[in-house]
Amino acid sequence: MNRLFFIGLLSLSLFCAPGAIRLAAQDQTKAAPASISPRAESLLRSACQFLAEARAFSLSAEIGREHVDEAGHKVQFSRSVRMDVRRPDGLRIEISSPLSARGFWYDGKTLTILDRKRNCYSDAPMPPMLDKALEAARDEFGIDLPLIDLAVSDPYKNATAKVQTSRYYGISPVLGVPCHHLAFTQENVDWQIWIEDGPQPFIRKFVITHKNSPGSPEFTALITRWDVADRVADSDFVFERPPGAVKIEMRADEEMGGSKK
Amino acid sequence: MKKNLKLVARLALGVFVFWGCPELNAADWSSLHGSNSAPREAPAARPQPPVNREPPAPVVRAVVPETRPIASQARPQPQQAPIQSRAHSQPLQPQQAPANRETQVSRETQIVDRGQLPHAAPAASNRSTEPLQQLTTQAQSRAAAADRRRSDVDEDRRQSFFWSDFHPGMRTDRLPEGCHRVNFHNHPYFYFEGVYYDSQPWGYAIIAPPIGVVVPELPPGAEIMVVGGTVYYYAGGVFYIQQPGGFGVVAAPIGVDVAVLPPNATTAVVNGMVYYQADGTWYQPIMLNGVASYVTVPQP
């Protein structure tokens with residue numbers, strides 16, 4: 001009897017320990033005084049407002065994602081990205097490298113993904129507005145799209161929803177362009193952003209550090225081209241099946257948070 | 001008492017891994033959009049597809065000629081030429097190989113003087129002391145593999161592994177330094193980092209491994225997959241399970257998804273559906289987490 005009681009008590013203690021640790025950490029976070037830089041907040045707000053007011057935009061970027069292997073070795077894999085956005089219901093993204101090339105189309109009704117290397121595609125119905133469609137793509141199919149923080153209707157609200165602290169680090173160059181360097185912290189990620197110093201506050205660089213993951217891997221985006229003139233045709237957001245492309249089933253892996261098989 | 005404590009410790013680890021470690025939960029790595037949204041509801045458990053539990057048949061896979069050449073840029077390419085399928089009943093002995101062939105350091109399976117590769121799971125002999133660490137490693141590896149696939153970088157990653165440059169049907173005149181000699185059904189094979197060699201009069205043929213052969217260590221970069229409670233490892237188109245003496249080559253379990261097809265996979269269209277087939281295993285392409293993947297299915 002005593003043995004069973006001891007085992008039960010031990011199980012309960014071990015079961016509760018992680019949660020208790022996390023709650024204690026959260027309480028500590030709440031108790032700590034927030035360090036918010038008014039200048040950083042102001043610069044971010046103006047850049048996001050400039051972006052939100054653009055009815056359509058197009059950009060090119062070089063992105064890098066770090067991965068940490070079982071031995072702790074950190075490697076960065078890079079991709080080129082081209083993104084076209086037309087608010088409120090048009091998105092097209094091309095992600096490419098010599099080994100991989102994927103295209104994403106959202107036309108207000110359907111999200112289509114094309115693997116250009118394997119010449120196969122898959123589609124799924126989506127809600128009519130881009131914000132909702134991005135949520136559905138993530139929640140139902142576990143799709144992780146780069147740079148969608150720029151495509152949502154309210155980039156400022158999206159970016160600052162969980163910010164705990166912010167700092168302003170002055171002017172520094174990005175691809176030769178003088179930019180304001182801002183840094184923000186959240187519970188699970190830290191992120192930095194570089195905003196062009198001038199009348200058009202383009203976001204030129206973006207870094208997300210996953211500080212609670214082993215090795216603190218980073219996602220980096222270097223935006224090499226901006227175009228806020230509405231040059232994208234409606235047809236660019238509609239998928240056209242390449243010759244010979246095979247349609248395959250779209251699924252989500254529950255390990256990545258998706259809910260649809 | 002000791003067993004009960006172990007059970008409690010396993011339960012606690014499970015809770016810690018899946019509740020206490022935020023990094024193991026899904027996150028959108030390339031945007032703040034996922035991190036800053038409301039927490040997702042836990043998805044409904046996906047029903048596990050049936051698992052092929054039949055014991056692996058001790059047969060040798062036929063060597064399949066090259067059908068899908070691997071794009072490899074900077075590495076020195078081994079000689080490529082189709083070879084004859086070899087009947088298992090007529091094994092070739094290593095001494096039949098030409099005398100001028102440079103057979104470098106080959107060792108019996110039992111003699112492993114290299115350290116355990118960082119990626120390799122501990123040997124079965126250590127099983128009594130490993131369970132907690134192994135469970136954590138498996139959970140982390142699965143999460144890392146799922147994340148890699150979602151970001152579509154497995155093709156990049158595999159380029160760094162020795163086995164990515166080889167496929168059944170290729171030939172070479174020498175064995176790599178440090179390869180292991182493994183005997184199976186009284187026939188010697190040679191193994192190095194996921195590549196299997198068989199002696200031929202002209203050198204060595206690179207072959208698909210016979211099901212049942214046991215190798216002392218996993219190929220680098222082997223992914224962990226759990227099907228119905230059984231832990232599988234996958235690399236270079238070959239599935240392994242841990243067993244005494246190392247890791248045994250087994251038939252592909254049904255219902256697992258892999259990011260990269262075996263190098264000798266060929267396309268097959270059945271009832272208007274596209275499949276891929278390699279060494280008796282059938283793969284159905286799916287778009288998983290926005291990335292093309294392949295799930296093992298029964299023969300259609």
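Colleague: Where is the place of Asn186(B)?
Modeller: In this predicted model, Asn186(B) sits in the loop between S3 and S4 of chain B.

Colleague: What makes Asn186(B) count as exposed?
Modeller: Its relative accessible area is 72%. Exposed means over 50%, so Asn186(B), at 72%, is exposed.

Colleague: And why is His185(B) called partly exposed?
Modeller: His185(B) lies in the loop between strand S3 (179–184) and strand S4 (187–192) of chain B. Its relative accessible area is 44%. That value falls between the 20% and 50% cut-offs, so His185(B) is partly exposed.

Colleague: What is the phi of His185(B), which is not a glycine?
Modeller: Good one to ask! The phi of His185(B) is positive, about 55°, and Asn186(B), also not a glycine, has a positive phi of about 65°. Most residues other than glycine have a negative phi.

Colleague: Which peptide bond is cis, and how do you know?
Modeller: The bond joining Arg87(A) and Pro88(A) is cis, with omega about 10°. Pro88(A) belongs to the loop between strand S2 (74–86) and strand S3 (90–96) of chain A. Most peptide bonds are trans.

Colleague: On to charges. What makes Asp144(A) and Arg65(A) a salt bridge?
Modeller: Their side chains come to 2.9 Å, N to O. The cut-off is within 4 Å, so the pair qualifies as a salt bridge.

Colleague: Why is Arg251(A) called buried?
Modeller: Buried means under 20%, and Arg251(A) has a relative accessible area of 12%, so it is buried. Arg251(A) forms a salt bridge with Glu249(A), with the closest N and O atoms 3.2 Å apart. Glu249(A) is partly exposed, at 35%.

Colleague: What is the reach of helix H3 of chain A from its first C-alpha to its last?
Modeller: H3 (residues 130–141) of chain A has twelve residues and reaches 16 Å, close to the 16 Å expected at 1.5 Å a residue. Its buried residues include Leu130(A), Leu134(A) and Phe141(A). Gly142(A), with a positive phi near 65°, follows H3(A).

Colleague: Last one: why are strands S7 and S8 of chain B said to stand at the edges?
Modeller: The open sheet has five strands in the order S7-S11-S10-S9-S8 (chain B), with antiparallel pairing. S7 (214–215) and S8 (223–227) of chain B each have a single partner strand, so one side of each is left without a neighbour in the sheet. Within that sheet, three bridges join S9 (residues 230–235) to S10 (residues 238–243) of chain B, and Tyr233(B) stands opposite Tyr240(B) in S10(B).

Key:
Residues are numbered from 1 along each chain as its sequence is written. Chains are lettered from A and ligands numbered from 1 in the order in which they are written. This is a predicted model: local features need pLDDT of at least 70, side-chain atom pairs count only at pLDDT 80 or more; totals for chains, interfaces and linings use all residues. Side-chain values use heavy atoms; hydrogens and water are left out. Two strands pair if DSSP finds at least two bridges between them. Helices (H or I, at least four residues) and strands (E, at least two) are DSSP runs, numbered from the N terminus. The expected span of a helix is 1.5 Å times one less than its number of residues. Buried means under 20% relative accessible area, exposed over 50%, partly exposed in between (1.4 Å probe, protein chains only).
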